[in-house]
Amino acid sequence: MTTEITWLGHSCFSLETGGVAVLVDPFLDDSPVAPVKAADVAADFVLVTHGHFDHISDAAAIARRTGATVVANFEIGQWLQRQGVAADKVVAMNLGGTVELPFGRVKMTVAHHSSMLPDGSYGGSPGGYVLSLPKLRIYFAGDTALTLDMKLIGLGGLDVAVLPIGDTFTMGPEDSIEAVKFLNPRRVIPCHYNTWPPIAQDADAWADRIRSHTAAEPVVLELGKKHTL
Ligand SMILES: [Zn+2]
């Protein structure tokens, strides 16, 4: 079984695994860099890491259109239902919990950040996800600072870590090096950069530093281009 990942800009990724389409942090219609619109993406599952608009703005519309199941923390799950997502299409969870889904196991991990929803509602605790697919373990950090928790998150081994490197609102390139050392993934994919000027980064320079300071292979994805993991 192959798993393919496509970067849709910012922290939005599309995964295709075992015939299931999993969308992470949908921010498309208002994103200055997204290569597709919300009306054009496929989704069987949508994973939301936290309530900020640049991670959730298209989640409800995509769920309503596709009938996808949305995975989020409890507070965001309640909010999504108020946006018209059917209750049986919401999997609500919280930090440290794991749910079994048709494509694999999904665990919600700690993230050090904040999480207000677009209308000002409380968004609960921000998180990340570890996806245990049949042949692959992938960690989506979400928006977070560098944290020692990453040593725990890396236990059991990671094939891929998807980390923010934009700085200003999350950890930056410098701290992402330490994060990779804590997590010890085989490959690392950067995100949450080059969407707006405050998070502009040179991904090639970052990749050189990952290569020289860690054992991981950096994988800088091109926007909209499918990559086999
Ligand atoms: Zn955020």
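I took buried to mean under 20% relative accessible area, exposed over 50%, and partly exposed in between, with a 1.4 Å probe and protein chains only. What I am reading is a predicted model, in which local features need pLDDT of at least 70 and side-chain atom pairs count only at pLDDT 80 or more, while totals for chains, interfaces and linings use all residues. Residues are numbered from 1 along each chain as its sequence is written, and side-chain values use heavy atoms, with hydrogens and water left out.

**Entry 1, the zinc ion.** I looked up the donors, which are N, O and S atoms within 2.8 Å of the metal (3.2 Å for Na, K and Ca); water is not among the atoms, so sites may look incomplete. For the zinc ion I found His-50 through NE2, His-52 through ND1, His-113 through NE2 and Asp-143 through OD, at 2.1 to 2.3 Å. Along the chain these donors follow H-x1-H-x60-H-x29-D. His-113, in the loop between strand 8 (104-110) and strand 9 (127-133), and Asp-143, in the loop between strand 10 (136-140) and helix 4 (149-153), are 30 residues apart and link distant parts of the chain. Helices (H or I, at least four residues) and strands (E, at least two) are DSSP runs numbered from the N terminus. His-113 is partly exposed at 25% relative accessible area, whereas Asp-143 is buried at 2%.

What angles do the 4 donor atoms subtend around the zinc ion? They run from 88 to 172 degrees, so the arrangement is irregular.

Rings of Phe, Tyr and Trp (its six-membered ring) pair if their centres lie within 6.5 Å, and planes under 30 degrees apart count as stacked, over 60 as edge-to-face and the rest as tilted. I noted 7 aromatic pairs in the whole structure. One of them, Trp-7 with Phe-13, is stacked, at 6.5 Å centre to centre and 25 degrees between the planes, and both Trp-7 and Phe-13 are buried. Phe-53 and Trp-196 make a tilted pair, with 6.3 Å between centres and 45 degrees between planes. Because Phe-53 lies in helix 1 (residues 53-56) and Trp-196 in the loop between strand 12 (185-191) and helix 6 (203-213), this pair ties together parts 143 residues apart in sequence. Phe-53 is partly exposed at 44%, and Trp-196 is partly exposed at 28%. I also recorded one aromatic cluster, formed by Trp-7, Phe-13, Phe-140 and Tyr-193.

Phi of Asp-167 is near 70 degrees, positive in a residue other than glycine, and Asp-167 is partly exposed at 38% relative accessibility. Thr-168 has its place in the loop between strand 11 and helix 5; its phi is near 65 degrees, a positive value in a residue other than glycine, and Thr-168 is exposed at 54% relative accessible area.

Conventions. Four donors count as tetrahedral if all angles lie between 85 and 135 degrees; four count as square planar and six as octahedral if opposite donors are over 155 degrees apart and all others between 65 and 115; anything else is irregular.
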